[in-house]
Amino acid sequence: AVVSTQSAHYGRGCVTVDPTTTLLQLKETLSHQIPVEEQVITHAGNLLSDNVILCECVPDNSTLCLTGRLLGGKVHGSLARAGKVKGQTPKVAAMEDKKKKRTGRCKRRIQYNRRFSTAVSQFGRKK
């Protein structure tokens, strides 16, 4: 398995490991970059626990992502104001039911029928 590490403070790196190693052993080999307590290993967006053997939970030739733990904190913006714009937008009354115009092939068919098939020939100019 290939492990790629990525961190703003520690940079990037790649390590090739034996599939029979556990994730805790892998974390110990990478402890020079990030301390073991702060390491988080993920595969395809899923968090992996420390006591799992790599070959059991990860297919061959896959890439694991090693990152440091994120500190908790405030979320930008308040969830109390979610949907504020939609809530303060005035409701517009629905339009009256108006029959929509025909378009495309249907319009041309009606036009043809009106002009040629049911028309009675008249004398004089067309109105």
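Colleague: Where is K98 found?

Modeller: K98 sits in the loop between helix 3 (84–88) and helix 4 (104–117). Helices are DSSP runs of H or I with at least four residues, strands are E runs of at least two, and both are numbered from the N terminus. This is a predicted model, where local features need pLDDT of at least 70, side-chain atom pairs count only at pLDDT 80 or more, and totals for chains, interfaces and linings use all residues. Residues are numbered from 1 along each chain as its sequence is written, and side-chain values use heavy atoms, without hydrogens and water.

Colleague: Is K98 buried or exposed?

Modeller: Buried means under 20% relative accessible area, exposed over 50%, and partly exposed in between (1.4 Å probe, protein chains only). K98 has 73%, so K98 is exposed. Of the 127 residues of the chain, 19% count as buried.

Colleague: What pattern does the chain follow along the sequence?

Modeller: The pattern reads β-β-α-β-β-α-β-α-α. That comes to four helices and five strands.

Colleague: How is a pair of aromatic rings described?

Modeller: By the distance of the centres and the angle of the planes. Rings of Phe, Tyr and Trp (its six-membered ring) pair if their centres lie within 6.5 Å; planes under 30 degrees apart are stacked, over 60 edge-to-face, and the rest tilted. This structure holds one aromatic pair. The ring centres of Y112 and F116 are 5.4 Å apart and the planes stand at 45°, so the pair is tilted.

Colleague: Where do Y112 and F116 lie?

Modeller: Both are in helix 4, four residues apart, about one turn of the helix. Y112 is partly exposed at 49%. F116 counts as exposed at 55%.
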